Every structure is written in structure tokens, then in C-alpha cells.
Amino acid sequence: MSEYDTIIIGGGLGGLTAGAKLARSGKKILLVEQHYLPGGCATVFKRKDYIMEVGLHEKDGLHRDDPKVEIFKDLQIFENIELLKVPEFYRFSNDRVDLVLPNHTEKAIELLNQVFPHETNAIKAFFKRMFSIQNEFMKIKKEKWNIILLYPNSMLLHNSTQTLGEFLDSITKNEDLKLALQGNLQYYHDDPYSLSLVYFCTAQASYYKGGGHFIKGGSQNLSNYLASLITTNNSEVILSHLVTKIIIKNNVAIGIEYQKTGRKNSEIKLAFAKIIIANAAIPLIIDLLPLENQPILRKKVDKLVVSSSLLSVYIGFKKEIKNLGNKNYATLVFDPSVKNLKDMIRTNKGPFENRNFVFVDYSQIDSGLAPPGKSFGVVCTVDYLSDWENLTKEEYKNKKEEIAQMFFKKLEKLIPGITLEIDYYEVATCKTITRYTCNPQGSVYGFAQTPKQSGIYRLSNKSPITNLYYASAWTSPGGGFSGAILSGWNCAQEILKK
């Protein structure tokens with residue numbers, strides 16, 4: 001039996017960030033992670049000559065007003081992790097429009113005005129609203145969401161119930177412009193008509209202000225570094241162990257039980273602390289509580305909708321794909337059947353052959369994911385658990401192979417000759433994500449970022465149970481690399497103030 005200042009359940013970016021900050025502040029930390037690697041979705045795996053990046057395409061921001069800058073400076077991330085700026089925001093392509101959006105506000109506006117010369121007012125309205133929302137978000141600094149309730153003229157409050165789709169419909173009737181402006185929708189959600197406008201604008205504006213960045217060598221480097229900040233500051237990170245119970249006494253969280261992952265008969269270990277931080281998915285945390293403590297959390301959580309998941313085809317190439325003539329880092333390919341914004345959800349929930357996808361070509365930067373002359377790339381699309389239910393192991397394997405071959409044909413049309421350079425590939429579905437992260441339904445963004453579940457309405461870092469906190473994509477401010485990091489940081493700051 002051991003005692004700590006804080007125990008963290010889960011080693012995703014939220015838990016690692018919180019643990020790193022608390023450990024560097026003199027707190028004794030125990031972080032328990034069920035996987036054999038720290039990082040959650042911020043991990044890599046090795047296949048043949050290739051380091052296969054699990055989740056990071058590009059991370060937003062790092063501009064002057066980005067709150068992550070303060071975090072990265074405090075934790076000395078800039079000195080220890082090499083961040084590569086990607087060359088553009090994204091290429092959007094369908095059978096009617098093909099454009100490359102710069103990761104620079106003025107240049108993006110200029111480009112959009114050239115492609116859509118009759119939509120200058122709509123383009124102006126889009127960027128004005130987006131930056132108005134983001135600027136107000138930056139002023140109140142994440143942890144002060146509730147302050148906007150005091151100001152009836154708040155831009156965040158005014159837009160808090162509006163969806164992205166509703167806003168785009170209000171500024172233009174040009175469907176291709178709408179589609180292009182939300183081309184990277186899958187980075188946030190699956191349906192523009194249920195995605196919070198506030199959430200989209202806050203994140204999207206950060207890309208335009210600061211561009212996108214990739215962690216050289218893969219996101220595992222960031223996860224490993226954060227874990228090292230914990231272990232080098234009189235604290236512990238225990239991998240391949242699963243927390244099986246949160247110990248509660250008089251509605252106060254006081255400790256955990258844990259054992260080796262996948263070994264139900266292994267020794268059950270105990271650890272106690274003044275504070276427990278749940279980095280694991282909140283629906284899973286409920287089941288770790290004693291039965292008498294579960295209802296208070298279920299009441300808050302059971303009606304919340306979980307986000308969609310992602311399917312990825314990881315590909316090692318014998319050649320740098322940029323040498324085949326591809327000039328873009330992230331290419332978003334929309335199916336011809338998507339004629340308007342309302343087709344998005346229908347397509348995402350339809351057959352895989354009609355789903356929009358992104359191809360990320362890491363050879364466009366010095367990614368460090370492949371040996372010289374070779375490269376790594378990934379195809380990614382929206383995925384749901386319902387796509388994979390009631391399949392035998394053989395049927396599951398065969399369906400993954402069919403989907404991979406279908407996307408290879410699409411890639412060949414996009415970049416002729418690319419399929420001849422495929423050296424290795426592997427398909428990860430929402431079931432794969434659940435296997436390695438335990439996230440319900442393979443969710444990568446936690447609870448869906450709908451107007452009723454984002455911003456001021458999202459779960460705070462503090463749970464209804466005394467001394468039990470949350471730090472993950474499942475709480476404020478939301479999913480993605482930035483959301484998880486900010487959640488962990490805010491959680492640590494709240495604990496330190498206490």
C-alpha cells in the first residue's frame with residue numbers, strides 16, 4: 001500500500017499534462033496506464049522500416065495568444081520536442097472545386113475570394129464571426145467559462161446554441177463554399193448540423209492564426225517526454241496496469257485498486273492519495289465507483305452523446321510520395337455524392353466507398369517517420385462501432401482488407417502510381433481504438449461537441465465526488481490533442497489552487 005498526493009487514472013495527454021505539471025510543482029504522483037505505452041491516441045507503433053503515427057495529423061495553434069504556448073513554455077516542451085510547421089492548412093477537392101487553403105488568414109481569404117468571386121461578403125462574415133468567437137474565448141481563458149454568463153452580450157453566449165451548419169446556411173447559399181470552409185470536419189465531428197459553432201470557430205481560428213504543427217518522430221515523443229517529467233520528479237508512471245476500482249469513503253475519493261492488464265487473477269494493489277484524477281473516459285469511471293456512488297455521475301453522463309470515431313489506413317511507402325508529384329500535406333477528398341452540407345452526415349453514415357476521407361502525406365515534411373527515400377502516409381475517415389458489429393474474426397479481417405483496397409483505388413486516382421509504392425499497410429478501426437484506449441465506441445473526441453455538450457455546457461474538471469477530478473477529452477474544453485492538453489493543465493491548476 002502506497003500513499004501519494006495525486007493518483008492519475010490513465011496516461012493520455014490529459015493525464016500526462018496534469019501529472020507533469022503537478023510533479024514539477026512538488027507533488028508526489030502515481031499515474032497508472034493500462035497500455036504498455038503512455039499517450040492514449042498520442043502514440044506510434046513500428047512496422048518494418050516505418051514509425052506509424054497513430055493519431056496526429058497536425059496540431060493547431062502555437063500563435064501568440066494560444067494558451068498552449070504558456071503550457072509548453074512552463075513544461076519546457078519547446079526545448080525538448082521538435083515541432084514542424086506543416087506547409088498549408090488543407091487541400092479540399094471534390095468533382096467541382098479543388099483548392100489549397102493556406103494556414104494564414106489573409107492569404108486564405110484572398111484565395112477563397114478568387115475561387116468564389118461572388119461570395120466575398122459570405123467569406124468576410126465567416127472569418128469575422130470565427131475570430132470574434134475565438135478572441136473572446138482567449139480572453140476568458142478556458143477555466144473561466146462561467147464568467148460569460150454575467151455578460152448577456154457575450155459572443156460566446158450568443159452563439160452557444162448555434163450549429164456550424166446553421167451559421168454557414170445563414171451567410172451563403174453556395175454549397176461548395178460551405179463544404180470547403182468545413183472541409184476538415186472529421187477533425188471535430190461528423191455532422192455540421194450538430195457541431196457547436198463555438199467549438200469549431202475556436203479550433204479552426206487557431207489553425208489560421210498559428211498554422212498546423214507535427215511533432216518530429218511522432219506524437220509518442222511528446223507523450224514520453226511528459227511521462228519523463230513525472231518520473232524524474234519523485235513520482236511514478238506504471239504501465240500495463242488497469243485500475244479496477246476507485247475507493248470512496250463518505251463520498252470522498254481516497255484511493256484506487258489496480259492490477260496487471262489482462263490478468264484478472266493477478267495481485268490487486270492498493271494506492272491512496274488526497275486527489276484522484278480520472279484521465280480515462282468518464283463513462284468508464286462510473287463503473288469503477290462503488291454502486292452507491294454511481295447514480296450521481298450517471299445522472300450527468302448517461303444522456304450525453306459520444307462522438308464518432310475514425311478509421312485509419314496506415315501506409316509505409318517505398319518512395320517519398322512527394323516525388324510522385326503530390327504537393328500537399330493533407331488532402332481532403334469529398335465524394336461526388338456530397339452535393340451540399342446536408343449530405344455530410346448521410347455520407348458519413350453510409351457505405352465506406354462514399355465517405356469523404358483525408359490523405360496525409362508525411363513526406364511533405366521532415367517527419368522522422370521513415371528512413372531516407374521512404375515515407376509514411378495515412379488515409380482517415382469517419383467510423384462507427386455499428387459498422388463492425390456482429391462480425392466474426394474472419395469477416396472483420398476481410399472487411400478491413402476490402403476497405404483498404406477500396407481506398408487504394410481512390411489514392412491511385414488522386415496520385416497516379418502511388419499504389420505501386422505501397423510496402424506495408426495496416427487498418428485500424430474504432431474497435432482498434434477501444435482495444436488500446438478502452439474508449440467507449442472507439443471515441444477519439446470524448447463526448448460529441450454539440451451545442452448542448454460543448455463550451456459552457458461541457459463537464460468541468462471537478463466531479464460531484466469530493467477530490468475526484470477529470471482531465472481528458474471527455475471534459476472541458478473538449479477533444480483533440482489541444483483539448484486534452486488544456487484539460488490536463490486546467491485540472492492541475494485547479495488542484496494547485498486548492
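## Contacts of isoleucine 277

Leaving aside residues up to four places away in sequence, isoleucine 277 touches Thr6, Ile7, Ile8, Ile9, Ala18, Leu22, Tyr469, Tyr470, Ala471, Cys491 and Ile495 (contact: heavy atoms within 4.5 Å). The model is predicted: local features need pLDDT of at least 70 and side-chain atom pairs count only at pLDDT 80 or more, whereas totals for chains, interfaces and linings use all residues. Residues are numbered from 1 along each chain as its sequence is written, and side-chain values use heavy atoms, with hydrogens and water left out.

## Nonpolar cores

The largest nonpolar core has 103 residues, and those with the most contacts inside it are Leu99, Leu101, Leu112, Phe126, Phe127, Leu226 and Ile277. Helix H9 (residues 197-210) gives the most to this core, with nine residues. A second, separate core of 31 residues includes Ile7, Ala253, Ala281 and Leu468.

A nonpolar core is a set of buried Ala, Val, Leu, Ile, Met, Phe, Trp, Tyr and Cys residues joined through side-chain atoms within 4.5 Å. Buried means under 20% relative accessible area, exposed over 50%, and partly exposed in between (1.4 Å probe, protein chains only). Helices (H or I, at least four residues) and strands (E, at least two) are DSSP runs, numbered from the N terminus.

## Backbone features

A cis peptide bond, with omega about 5°, joins serine 476 and proline 477. Proline 477 lies in the loop between strand S19 (468-470) and helix H16 (480-497).

Asparagine 390, although not a glycine, has a positive phi of about 60°. Asparagine 390 sits in the loop between strand S17 (375-383) and helix H14 (393-414), and is exposed, with a relative accessible area of 79%.
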